Amino acid sequence: MGQISIKTEEDIQGMRLAGRLAAEVLDFIEPHVKQGVTTDELDRLCHEYMVNVQQSIPAPLNYCPPGYTPYPKAICTSVNDVVCHGIPGDKVLKNGDVINIDITVIKNGYHGDTSRMFYVGEPSILAKRLGDITFESMWIGISKIKPGAHLGDIGYAIQQYAEKAGYSIVREFCGHGIGKVFHEEPQVLHYGRPGTLEKLVAGMIFTVEPMINAGRREIREMGDGWTIKTKDRSLSAQWEHTVLVTESGYEVLTVSAGMPPPPAIIAEHHAGAPASVA
Ligand code: MF3
Ligand code: CO
Ligand code: CO
C-alpha cells in the first residue's frame, strides 16, 4: 500500500474551489434534466458551462486509466440500470427514468468530483427509496470521518445501512484519494469492517461515492469499454462528495447553494461546517 498524501493549506484552498465548481455544475444542469432531453445535450450544456462560464476543465474528457480507451465525453450520465460511467449519447430521457450525473472539474490543477441522482418526472416508489437510501448511506459514511478513524469504519457504516434496507453494494468501484491527480490513494471501499484499513489523518482528501443496487451486486461491462450495468438489470443509484479530513472531523468540499443538505439522521458535530450550510 502506497502513501496517502496530506494536503497543504494551499492545496486545500484549491480543492475547496474545485469542489464548489463541480457542485455548481450539478446545480446548473438540474433544471435541464427533463423528459425529452438527450444525455448528449446534458453533456454539451455541462461542457460549455465548465469551459465558458467557470473556465474549468472537464476531467473525464480523454481520461484514460491503464487498460481503458480514452473517455469520450465531459460528464458521466448513468441511467436506470447503469451503475456508473455511462457515456452521454442519443438516449432520450423519459418519465420515470433515474439518472446519476457525475461531474469532475479541474480548476488551477485541482480536481473536484461529485455526483447526484435526478428523477425524470415522477419516480417509482422503488427508485425514490433506492436514491434516498444511497444518499443517506453516503452521508452516514462521511459522518464517520475524523482523525484516528479507519477507512473500514466508512465502508462498514455504508454497507450496514444499505444492506439493512435490502440493497446491495457494488464492490468493483470505490471512492478514491483526489487532488492534483483524479484518482490517487487511498481506495475508499463502500463495504468493510470497523477498525480496519488505513487510519485517517487531518489533511487527507478523498471521495465517498457508494454505488447501490436494488437487486444483486454483480455488474457487467458494456462493449464501449466504460459503461457498467447491473447484471440482473435492477436499478442502481450513486451519490458522491469529495471530503477533507479536518482536525475535528470532516469538511465536505463539493458544496454549492443548490446541493441537497445532509439528511436529518446526520448529527452535525464536526467543527467548521461549511458542509452543513444548506
Ligand atoms: N467521476 C468518476 C469518479 O467518481 C470517474 C469517472 S472516470 C470517467 O471517480 F472517465 F468516466 F469520467
Ligand atoms: Co470519484
Ligand atoms: Co465522480
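These entries record what I looked up about aromatic contacts in this predicted model.

**Entry 1: Ring pairs.** I searched the whole structure for aromatic pairs and found 5. I began with Tyr-68 and Trp-226, whose ring centres are 4.4 Å apart.

**Entry 2: Position in the chain.** I then asked where the two partners sit. Tyr-68 belongs to the loop between strand S1 (57-58) and strand S2 (76-79). Trp-226 belongs to the loop between strand S11 (219-221) and strand S12 (228-230). The residues are 158 apart, and the pair thus joins distant parts of the chain.

**Entry 3: Accessibility.** Are the two partners buried or exposed? I noted Tyr-68 as partly exposed, at 29% relative accessibility. Trp-226 has a relative accessible area of 6% and is therefore buried, the limit being under 20%.

Entry 4: Tyr-71 lies in the loop between S1 and S2, 155 residues from Trp-226 in the loop between S11 and S12. With a relative accessible area of 2%, Tyr-71 is buried.

**Entry 5: Cluster.** I recorded Tyr-68, Tyr-71 and Trp-226 as a cluster linked by ring pairs.

**Entry 6: Charge over a ring.** Finally, I looked at Arg-171 and found that this residue lies over the face of Tyr-191. The distance from the ring centre is 4.2 Å.

Terms used
Residues are numbered from 1 along each chain as its sequence is written. Chains are lettered from A and ligands numbered from 1 in the order in which they are written. This is a predicted model: local features need pLDDT of at least 70, side-chain atom pairs count only at pLDDT 80 or more; totals for chains, interfaces and linings use all residues. Side-chain values use heavy atoms; hydrogens and water are left out. Rings of Phe, Tyr and Trp (its six-membered ring) pair if their centres lie within 6.5 Å; planes under 30 degrees apart count as stacked, over 60 as edge-to-face and the rest as tilted. Helices (H or I, at least four residues) and strands (E, at least two) are DSSP runs, numbered from the N terminus. Buried means under 20% relative accessible area, exposed over 50%, partly exposed in between (1.4 Å probe, protein chains only). A charge sits over a ring if NZ of Lys or CZ of Arg is within 6 Å of the ring centre and within 35 degrees of the ring normal.
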